[in-house]
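Biologist: I would like to learn how to read a model of this kind. Please show me the structure, and we can start with how chains touch.

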Amino acid sequence: MRVLLAGLMTRRGMNATSLLVTVIAIVAAVLGPMYGRETAEHLLDTRLDERAPYTTGLSYSVASANGVVPDSLAALEADQAPAVDDLLPDARQPFQELDVTRYWSSPRSWALDVMGTFTRGPQKYAAPTYWRQGMCDLARITGRCPQSAGEALMQATMAQTLGLAAGDTFDVTYLDIYFGPIKDGTKVEKQRRRVATYRLTGTYVIDDPASPDWFDLSRFTGLDDLVVPPQRGTGAAPSAPALLVAPSSMVSQAFRVGVDRPIDTTAVDLDTLGRVEGVAERFKTRAIDASDGGQTEVLPDLDLGSVIDQVRSERTLLSRVMIAATVPLVLLTLLLLFALVSTAAEVRRPHVALAKLRGQSRAQVLRFALSEPFLVVLVAVPVGVGVAVGAAHVIARGWLHPGIPVGLDVVAILSLVAVVASALVASTVAALTVIREPLSAALAGPVRRTTSGRVSLVLRSAVVAIALASVGNLVTSGDQSSQLLALLTPMFVALAVAVAGALLLRGIGRVWTRRTASSGGTPAYLAARRLSRRNDVANLMIPLLLAAAVLTFAAATTATSDSWRVARAQAEVGAARTYVTSSSPGRLLQVTREVDPDGKYLAAAATDTIGDDLARAVFVDTSRLARVVAWDPAWSDRSLASLQQALTLDHDRRISFTGKSLLVDVGDVALRSRTGVRSTLRVQYVDDRGEQKDLTIGELRNGPRQVLEVPLEGCAQECVLEQLYVTGSSVSVSDVQGRLTIMSVEVDNTLANWQLEADAWRPARPFPVSLVDPPVVISQAQRGLEIRLYLGRLPAGQGPQNAQVSGFARITPATTPDTAPALVTTGTRTETADRSGSGVALTYPRSTVAGVSLNGQQVPMRVVDRVRALPLVGTEGSLSDLETALVEFDPPFGALVTTQLLVADGTPPSVIAAVRDRGVTLTDPVSLEGTLQDLRGDAFSLGLRLFLVVGAATLLIAVFGVFASAVLQSRWRSYEVASLRVVGVSQRALVRASVLEYVVLLGVAVLLGVLSAYLSLLLVLPSISLGTAGVHDPAPVYATPWVIVVGVAAALFVLATLIAVLVSRRTTRLGRPSTLRWAEQG
Amino acid sequence: MTGVAVRCVNVVQIYTTAGGHDVVALRGVNLDIRPGEQVALLGPSGSGKSTLLSLFGGVLRPSAGKVLLDGRDISRIKESELGRLRSGTVASLLQGAGRNLLPYASPEDNVEFARKAVAPAVRRRLPEPRRLLDQLGMGELAGRPLQTMSGGERQRVAFASAVSSGAGLLLADEPTSQLSHDDRDAMLELIHVVNAELGTTVVLVTHDPEVAAKMPRSITIRNGRIGSEGRHGFDFGVVDQDGAVHIPDDLAARFPAGTLVQFEETGDGVVLRPIDEQGERT
């Protein structure tokens, strides 16, 4: 043991290096599976947390009346609603005798009545009453908890809005149903209005709506206000936050009593998934049985199976990535370890020969030769496992979901055993090569052996064959699911290239030697000669080449994946932050321009994502497109600034006015209507607040001249004219033909310059008959602007005569073009707008497409650019200017349009506060960063990031290994250097020769590594699954990221040069003439 | 253990160079060394003396002929038997002290390492490493690191390691090279002590005639053959199995290669006379 320890200490540098490499191999082998399992556990917990508690928890409820309607009013009055406590046993029934307590939290009882309503102004609101066990502890209460019937807590904002406080009363109306007297042999259902008065005991605020203790937030119906659903037209009734009441307040005909058990994420792990799934299924069956085919309410939401399926699928994916990531690392470390133990065995060669000379048996010699490397491995095991477990704990605590279990699982242990066995085998093989050497050869002196040519050839051929077969199989099979094989491709390619590269390099060395022998300088000749004679070229090249290939591939793949996620987030969110608002698009547009006049922070948008192709559209204030909107440069070959220029109209030329009254002088009115419709002249403008206003200027009467006057609303500062139009007294049907002339316009009795010239106006959309048939023709008359109307009937013989089509005859200033410039995605089907029309039809070039505007009407669109994706609509739809669209197409109430405030990165909070101060209600924002974080948290992203980290680790180890290997060899190389110095070669020439040799050797390795990565990227990058995309998510861009490839190559080349310089200086320093004497003395 | 008898019968040794050429190192050597005898092998570089020593130690196997130790032919025995032979019968002291020692181990540990292969029963009879070092006058060196020792001290430790197994045959390759006169004498003294006290047969290779002169018997190897033998201060020619005999160097100038000689028997020997092509004395 003393001798063993002394030997270890003497070769401490080499042994420490071996120890380090072995530890790294063990850490990689153990941490890989541990990280994989941790991440899978993390994903499980994250997925469970992500889901609403009611989709993973167990819940069962029973109805108080179970659909039974009293036979009469008397029966209704006599019926007493059952107490909540009486119904609870039924609600608990499906949970019994199941193993639910283990995986689901303790039960929480509740009762909910959604039948109540209250009225505020003209609006009727739903007023649910809700009791939940422990609710007063879960919510922040001001006042006291309701304890008896008729007491209630009101949500704080609602109370403020209604002006109520503790002690006030609040009426909720219920409609009781009963059967009236039988008429004609049938029961007639009747209703009785009943008012329940609640006395407020205080107010409540839900501070933590995400808490699983609340289980199903929809029972509140609203949390912070009397909320009108932000998406207008969805049909949902306005609702108010629930009143929190005592159980005894549940007295209506149709309240429900239930029990919830949210899932306990800490109790569920990968091992128990199957059991949890089984219990959930059994619960579901029991619940259905218990309900006896009746309503089970929340059971359809129990979706634990899909969570489990998702986690299992993600785990499989992670495992594949994990294997692909750790295999090159482990392989590399084992290669390095083999190189190191071979060097160590070489160093100990004389000592092994001495043992044989002293007659030690084969077993004794083997023990002597192996004790040192085995001890290193045995020391490395606890160290490596300790580091791996420690790192796993650090990762779990720092990066992953709290409470993730950390421990060695079977895969990690098997992996550890495999690596340790490989390390021991590598040590044994290295030792055996020395032990098997004949004693006479071993005693002959410090002459290094050459490797067996045949064995080497077979090994190299095998590597190349396996590599080519694997890559060929992947490429020809076209199997998109071969994630593991695809990620291993750079390793296979690198190994094949390394074998070929080593041969190539020796060939280059021989040619170079011949050339430099006659004409080159001494350093070049010495470098070329050494290069052509080295038999360890492959050993030195493989680590660096492999690491360069894996790192470059990993970096490029991760960059592609991340760019894709960024693009998806940009498409989904549309800006750094996006708020949904219930304000109108016009109002929001106005507010954003007031608050942010320079257009640095805010942009208003309106989106309609219901439908297909051009029915999906986003309308943005394009004047702020480049500064505010999120945009991936890969979406278009043109810059966003140039697209903005093409999309934005010059709204400075629009007609504006300020004043209190509008006077329009109309002449030559000659209108007729078969249906006797009385026509009115109306004006549409945008008021000071940005809201669109419609005013009737006056009814038109046939005659030579008519002055119409109307007071203006909201034009104290500046209003912008959008349209003048004629419609009937009833807006539903118009049948008006004829003409009129707008002679002049005055605002506040001052002549207004409304540019009453034919070319300054155009027909405004929507047209009632078709996309191309305006119901109005504008011409210049002597007295002013003449308008001919064809509402309900076109000129004879000029196109479709559809008198049934209602409509308006609108004109708008020509400052807003008839054809809106738009961006359309390449995945959107379009139809040209040049369809045949009437004699008055507008004609468009073939490139004009029939788009859809804000109110769902068709509009001709000029496609500025076909792009790959667009913010807020993704790969299908169009983007055009909001302000332009609003001129003609303000969405009516109920349109399926979402109004959104887009906010640029770095926007001060005061700007958002200013928007809110102007009365614009904003929801919680969706942020680009948050969405990106979610997208980066999926298994694909986590796996690829690990792949990158391991790639970087592989490179570090390779650099370290190559450096260590070169340093260890410097002792032998120093003999040659010493010999050359003795014969008069200068030290400077020797350093330069050595640097040149290593730079060429390692530089070629780096270049071939990067080349391998490039080849691998070409071969398999498109077949690697980067994640699960939605239907309208932009597709990944599989372009070779040259910046990364060149960057990695340059960085590695610098590293290679550094290694070359350091090793060369050391070798030359060691190669003194005295080195030769030292060598002779053994 | 008493000394081991060494016998060579027509030993021929051919080896192949790195360039693939066959080189004859020994050309039919016949030699008898009696148990307990002390023999020095002399000769110029490349004459084959170290090769002969390697054959005695079983490090090399002869291409032809036999090498017998105590009458046992070691030329064809198994490697494991050779190992056993090296563990207890033959002790080798390689040229250069460093090649005989583990540089990182103390003298005591080196001695212990050297006798590791000795059968336990035999080892129990051998002196403990420290005692052996004491006996050989190196007690004070037992725990010192080798790096701190002089060349002579290291050579003595190497010698102690070599003889620690109590082998009957000591093969020493240039044991006194690169040593000072005092160290050389001390080393020779050690060799004589071991020979005298244990009866160990000693075969050493040397370039140094002074060292050879201090050995009772010296054999000069020339061109792979035994050229001459020196005993008790006198040099003798040796007739080999074919009847060939080397002419001593000081007389060789009178007999250039190709010279015809006439043998003339006298009463107590044979006279060798050069003659010309006509048969006349030159």
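Modeller: Two residues are in contact if their C-beta atoms, placed from the backbone, lie within 7 Å. Keep in mind that this is a predicted model.

Biologist: How many residues of chain A are in contact with chain B?

Modeller: 19 residues of chain A are in contact with 23 residues of chain B. On the chain A side, α1 (2-10), α11 (349-357) and α14 (439-443) each supply at least two residues. The most come from α1(A), which gives five. Sorted by class, that side of chain A holds seven nonpolar, ten polar and two charged residues.

Biologist: How are two packed helices described?

Modeller: By the angle between their axes and the distance between the axes. In chain A, take helix α26 (residues 987-1020) and helix α27 (residues 1042-1070): they pack at about 155 degrees, with axes 8 Å apart. Angles over 145 degrees count as roughly antiparallel, so α26(A) and α27(A) are roughly antiparallel to each other. Their crossing is right-handed.

Biologist: Which classes of residue make up the contact of α26(A) with α27(A)?

Modeller: There are 21 nonpolar, seven polar and one charged in that contact.

Biologist: What does the secondary structure of chain B come to?

Modeller: Chain B has nine helices and 13 strands. Its radius of gyration is 21 Å, close to the 19 Å that the globule rule gives for 282 residues, so chain B is as compact as a globular protein of that length. Buried residues make up 43% of chain B. Among the contacts in chain B with a separation of 6 or more, 65% join residues 24 or more positions apart.

Methods: Residues are numbered from 1 along each chain as its sequence is written. Chains are lettered from A and ligands numbered from 1 in the order in which they are written. This is a predicted model: local features need pLDDT of at least 70, side-chain atom pairs count only at pLDDT 80 or more; totals for chains, interfaces and linings use all residues. Helices (H or I, at least four residues) and strands (E, at least two) are DSSP runs, numbered from the N terminus. The radius of gyration is taken over C-alpha atoms; the globule rule is 2.2 Å times the number of residues to the power 0.38. A residue is buried if 20 or more other C-beta atoms lie within 10 Å of its own, exposed if 12 or fewer, and partly exposed in between; C-beta atoms are placed from the backbone. Ala, Val, Leu, Ile, Met, Phe, Trp, Tyr, Cys and Pro count as nonpolar, Asp, Glu, Lys and Arg as charged, and the others, Gly among them, as polar. Axes are lines fitted to C-alpha atoms, for helices over the stretch in contact, and angles run from 0 to 180 degrees between N-to-C directions. Angles under 35 degrees count as roughly parallel, over 145 as roughly antiparallel, 65 to 115 as roughly perpendicular and the rest as oblique. A crossing is left-handed if the near helix is turned anticlockwise from the far one by less than a right angle, and right-handed if clockwise.
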